[in-house]
Amino acid sequence: MSSRGTADPVHRPGLQQESARGPRHGGRTARPVTPDLLRAAWGATCLLAPGAVQRVLSGHGPDVRGRRVLRVLGARHLVQAAGGRVLPPRLAVGGGAAVDGIHSATALALGLLDVRR
């Protein structure tokens, strides 16, 4: 159809345009909030109650090293949750993948060096 007098939404003023990725609001693609909220809640729990988290996850009493590790992981989750909300999506996903890769490598190293954990 021609662009004059048609129902083509691209050529009608006042209509919100939609990209291939979905509706856009204020120049930014809308993102779900729930994953970031869950990550923030988990991070806050690890940061504020690491002994309880360690007890539930490991089945034995907390120790100093375990609480420190959980606090660092909790802070990491809070930073990633905040980054998921404020950074551009591509940067948030790429940065999150890099952080998760580093986390996997350090967890593997800790598992090899400290069999108890």
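**Figure 1. Arginine 67 contacts Pro50, Gly51, Gln54 and Pro62, its neighbours within four places in sequence being left aside.** Contact here means heavy atoms within 4.5 Å. The model is predicted, so local features need pLDDT of at least 70 and side-chain atom pairs count only at pLDDT 80 or more, while totals for chains, interfaces and linings use all residues. Residues are numbered from 1 along each chain as its sequence is written, and side-chain values use heavy atoms, with hydrogens and water left out. Arginine 67 belongs to helix H3; helices (H or I, at least four residues) and strands (E, at least two) are DSSP runs, numbered from the N terminus. With a relative accessible area of 26%, arginine 67 is partly exposed. Partly exposed lies between buried (under 20% relative accessible area) and exposed (over 50%), with a 1.4 Å probe and protein chains only. The C-alpha atom of arginine 67 is 9.2 Å from that of alanine 52, and 15 residues separate the two along the chain.

**Figure 2. The protein contains four helices and three strands.** Their order from the N terminus is β-β-β-α-α-α-α. The protein has 117 residues, of which 19% are buried. Where contacting residues are at least 6 apart in sequence, 54% of the contacts join residues at least 24 apart.

**Figure 3. Helix H2 (residues 50-58) crosses helix H3 (residues 64-86) at roughly 105°, and their axes come within 9 Å.** H2 is therefore roughly perpendicular to H3. On the H2 side the contact is made by Pro50, Gly51, Val53 and Gln54, and on the H3 side by Gly66, Arg67, Leu70 and Arg71. Three of the residues in this contact of H2 with H3 are nonpolar, three are polar and two are charged. Ala, Val, Leu, Ile, Met, Phe, Trp, Tyr, Cys and Pro count as nonpolar, Asp, Glu, Lys and Arg as charged, and the others, Gly among them, as polar. The axes are lines fitted to C-alpha atoms, for helices over the stretch in contact, and angles run from 0 to 180 degrees between N-to-C directions. Angles of 65 to 115 degrees count as roughly perpendicular, under 35 as roughly parallel, over 145 as roughly antiparallel and the rest as oblique.

**Figure 4. The axes of H1 and H2 are 5 Å apart, at an angle of about 105°.** The two helices, H1 and H2, are therefore roughly perpendicular to each other. H1 contributes Trp42, Thr45, Cys46, Leu47 and Leu48 to the contact, and H2 contributes Pro50, Val53 and Leu57. The contact of H1 with H2 has seven nonpolar residues, one polar residue and no charged residues.

**Figure 5. Helix H1 (residues 34-48) packs on H3 with the axes 7 Å apart and an angle of about 155°.** This angle makes H1 roughly antiparallel to H3. The crossing of H1 past H3 is left-handed, a term used if the near helix is turned anticlockwise from the far one by less than a right angle (right-handed if clockwise). The H1 residues in the contact are Asp36, Arg39, Ala40, Trp42, Gly43, Ala44, Cys46 and Leu47, and those from H3 include Leu70, Arg71, Gly74, Ala75, Arg76 and His77. Also from H3 are Leu78, Gln80, Ala81, Gly84 and Arg85. The contact of H1 with H3 comprises nine nonpolar, five polar and five charged residues.

**Figure 6. The side chain of arginine 76 makes a polar contact of 2.9 Å with the side chain of histidine 77.** A further polar contact, of 3.1 Å, runs between the side chains of arginine 76 and aspartate 100. A polar contact is a pair of N or O atoms within 3.5 Å; within protein, one must be able to donate a hydrogen and the other to accept it, and residues adjacent in sequence count only if both atoms are side-chain atoms. Arginine 76 is in helix H3 and is buried, with a relative accessible area of 17%. Apart from its neighbours within four places in sequence, arginine 76 contacts Arg39, Val99, Asp100 and His103.

**Figure 7. Valine 79 and glutamine 80 are both shown in helix H3.** Valine 79 is exposed, at 59% relative accessibility. Glutamine 80 is buried, with a relative accessible area of 14%. The C-alpha atom of valine 79 is 8.3 Å from that of alanine 40, 39 residues away along the chain. Glutamine 80 touches Arg39, Gly96, Val99 and Asp100, residues up to four places away in sequence not being counted.
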